[in-house]
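Here is a short report on a predicted model. It covers salt bridges and nonpolar cores.

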Amino acid sequence: MNSLPPLSALRSFEAVARLGSVSRAADELCITHSAVSQQLKLLESQLAISLFSKVGRKLQLSEAGRTYALKVRVTLAELADATRQLQQPLAPQQSLVLAVLPSFAQQWLLPRLPAFRQRFPHYRVTLHASLDIQPLAYGQIDMGIRMGRGGWQGLQQEELLQEQLVVVAAPHFLGGRLPQSPAQIVASPIVHTVESWHGWCQLAQVAEPPAGSLWINDSNLLLAAVLQGEGAALMRYSLVARYLADGRLRQLSPLSVPHPSSLWLVWPQHPQLSRKQADFRDWLHQEMAAYRQSLPAWLNLG
């Protein structure tokens with residue numbers, strides 16, 4: 001495919017996929033039923049893929065259509081947002097754009113963000129959450145919070161936090177009969193993720209737990225599964241601290257091990273920070289210092 005499908009065809013497809021009806025999509029888009037049908041045929045012809053199948057008199061998304069509809073919906077929403085921003089431009093110093101990890105943003109940054117916005121009400125904060133490393137070199141993103149070992153070329157960088165891994169579970173896990181010893185922990189149902197149990201098990205002097213029946217690559221989904229009682233998990237302390245504090249999670253062992261990666265604040269290389277970058281950096285350092293002071297003494301965070 002050498003060219004993108006027409007925007008009108010994508011809009012018609014997204015509306016039909018979302019509303020489940022050509023007629024309802026036509027009403028929403030203020031065009032005729034036949035025009036929507038023609039746009040769908042054009043799109044399927046250009047993609048050479050069937051996006052819908054007929055079940056009786058109803059259209060049903062194919063598996064490929066369902067996946068494509070989700071991506072088209074996100075893209076159209078981003079285009080609409082970009083258009084609104086273009087039509088109502090903000091002064092450059094009034095927009096603060098941050099690239100963040102979804103897990104850190106939801107579990108650590110968002111609960112603290114109201115304090116930043118109250119202190120700096122003149123900034124419009126935009127969070128770009130992604131598991132991918134967002135490029136900062138093109139001036140579209142002001143600062144980023146990444147996990148890694150540093151050394152990113154073309155960026156200024158400061159280490160914020162050396163994370164620790166701890167084992168947690170919901171209070172009702174295993175009917176409330178929580179495992180007590182490291183051997184009991186590794187023998188219990190585990191929700192696995194990208195975090196390796198090797199270091200923790202070496203410290204605890206037990207064998208690593210076998211591969212379980214549930215593996216999740218996203219920390220927010222992992223946390224939801226653990227809160228639901230699906231199993232115990234090895235997680236970064238910063239993601240579970242508030243759940244441990246209010247009792248929604250329990251730490252099954254006092255043992256903790258360093259995460260191989262740290263949290264870093266990064267920004268494009270310039271001779272001097274802009275005012276908004278300096279404001280966010282200073283605020284983040286203050287919040288991180290307060291967070292460190294709130295940690296239990298046994299948790300050795302760098």
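In which helix do glutamate 14 and arginine 18 both lie, and how many residues apart? Both are in helix 1 (residues 7-19). They sit four residues apart, about one turn of the helix.

Glutamate 14 counts as buried because its relative accessibility is 8%, under the 20% limit. Arginine 18 is partly exposed, at 39% relative accessible area.

## A bridge across the chain

Arginine 281 pairs with glutamate 158 in another salt bridge. Their closest N and O atoms are 2.2 Å apart. This pair links distant parts of the chain, 123 residues apart. Arginine 281 belongs to helix 10 (residues 275-294), and glutamate 158 to strand 6 (residues 155-169). Arginine 281 is partly exposed at 23% relative accessibility. Glutamate 158 is buried at 18%.

## Other bridges and a network

Aspartate 246 and arginine 248 also form a salt bridge, with closest N and O atoms 2.7 Å apart. Both are partly exposed: aspartate 246 at 42%, arginine 248 at 41%.

Shared partners join Glu14, Arg18, Glu28 and Arg73 into one salt-bridge network. The count of salt bridges comes to ten.

## Nonpolar cores

The largest nonpolar core has 42 residues. Ile145, Val240 and Phe280 touch the most other members. Leaving out residues up to four places away in sequence, valine 240 touches Val166, Val168, Leu223, Met235 and Leu249.

A second, separate core holds 21 residues, including Val16, Ala17, Leu29 and Val72.

How values were computed. Residues are numbered from 1 along each chain as its sequence is written. This is a predicted model: local features need pLDDT of at least 70, side-chain atom pairs count only at pLDDT 80 or more; totals for chains, interfaces and linings use all residues. Side-chain values use heavy atoms; hydrogens and water are left out. A nonpolar core is a set of buried Ala, Val, Leu, Ile, Met, Phe, Trp, Tyr and Cys residues joined through side-chain atoms within 4.5 Å. Buried means under 20% relative accessible area, exposed over 50%, partly exposed in between (1.4 Å probe, protein chains only). Contact means heavy atoms within 4.5 Å. A salt bridge is a side-chain nitrogen of Lys or Arg within 4 Å of a carboxyl oxygen of Asp or Glu. Helices (H or I, at least four residues) and strands (E, at least two) are DSSP runs, numbered from the N terminus.
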